[in-house]
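Please open the structure in your viewer and keep the selection tool at hand.

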Amino acid sequence: MMRRSRWHLGWVLLLVAAALLVLFPRAIDALKSLEQLPAAPLRAGSLLVARPGRVSENFDETVVLLLDAGAQRRTWGVVLNRVRTRQGERLPEGVDRWGGPVNPALHITLTLRRPAPEGAQPLLEGIAWYEGRREAHLPVGESLTFEGISAWSPGQLEEEVARGAWWVLEGQPADVFTAPGSLWEEHAVRHL
């Protein structure tokens with residue numbers, strides 16, 4: 001009798017283990033799908049909000065505004081919420097924010113100026129961007145100049161988004177001129 005109950009117990013345990021092997025991965029996949037919110041498409045004007053612990057330290061707690069995006073070309077933009085270089089150094093005179101680790105000699109200016117300067121590219125409602133520094137006569141608060149850019153090779157950013165490194169949101173004009181110290185927190189708290 002004792003032998004038979006052990007045999008039944010063995011079969012029951014084997015069946016439970018098999019069920020767990022089948023169901024556990026499905027449960028994990030279901031939880032992961034709940035974690036990943038539907039991403040907005042990657043296009044000019046999208047915001048990338050760095051997910052904690054999932055991006056390189058260059059982008060830890062950053063919000064990036066995409067200026068150009070596409071699956072077949074390089075995707076690039078500027079970090080909106082850094083007022084110093086990643087190493088903590090002050091930015092040069094006439095530069096408001098660190099735009100990213102790529103090409104620090106490049107300056108990009110986002111402006112509210114109407115009409116936009118010649119050659120400026122429209123981005124979000126009321127905002128355009130151009131290569132170069134802010135014009136000296138513009139009042140503070142109407143334009144921001146960035147040093148360097150954030151750039152990804154074709155398909156690289158899509159892969160990072162697919163593995164959950166970034167939340168992708170539709171950018172709003174207010175995001176560009178929000179105080180840099182609170183921008184990441186304002187967006188991240190909605191997803192944490």
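Begin by selecting Phe59 and Trp166, both of which are buried. The model is a predicted one. Trp152 and Trp166 are both buried.

Keep the three residues displayed together. Phe59, Trp152 and Trp166 make up one aromatic cluster. The count of aromatic pairs comes to four. Among them is the pair of Phe59 and Trp166, edge-to-face at 5.7 Å centre to centre with 70° between the planes. Phe59 is found in the loop between β1 (46-50) and β2 (63-68), whereas Trp166 is in strand β9 (residues 166-170), so this pair ties together parts 107 residues apart in sequence.

Now move to Pro173, which is placed in helix α3 (residues 173-176). Is Pro173 buried, exposed or partly exposed? Its relative accessibility is 29%, and therefore Pro173 counts as partly exposed. Select Leu124, Glu125 and Ile127 as well: Pro173 touches these residues, leaving aside residues up to four places away in sequence. Then select Leu112, which is 61 residues from Pro173 in sequence and 9.2 Å from it in space, C-alpha to C-alpha.

Finally, colour the chain by pLDDT. The chain has a mean pLDDT of 82, and 76% of its residues reach 70 or more. Select residues 27-38, where the pLDDT is below 50; in the model this stretch has six contacts beyond near neighbours in sequence.

Methods. Residues are numbered from 1 along each chain as its sequence is written. This is a predicted model: local features need pLDDT of at least 70, side-chain atom pairs count only at pLDDT 80 or more; totals for chains, interfaces and linings use all residues. Side-chain values use heavy atoms; hydrogens and water are left out. Helices (H or I, at least four residues) and strands (E, at least two) are DSSP runs, numbered from the N terminus. Buried means under 20% relative accessible area, exposed over 50%, partly exposed in between (1.4 Å probe, protein chains only). Contact means heavy atoms within 4.5 Å. pLDDT is the predictor's confidence in each residue, from 0 to 100. Rings of Phe, Tyr and Trp (its six-membered ring) pair if their centres lie within 6.5 Å; planes under 30 degrees apart count as stacked, over 60 as edge-to-face and the rest as tilted.
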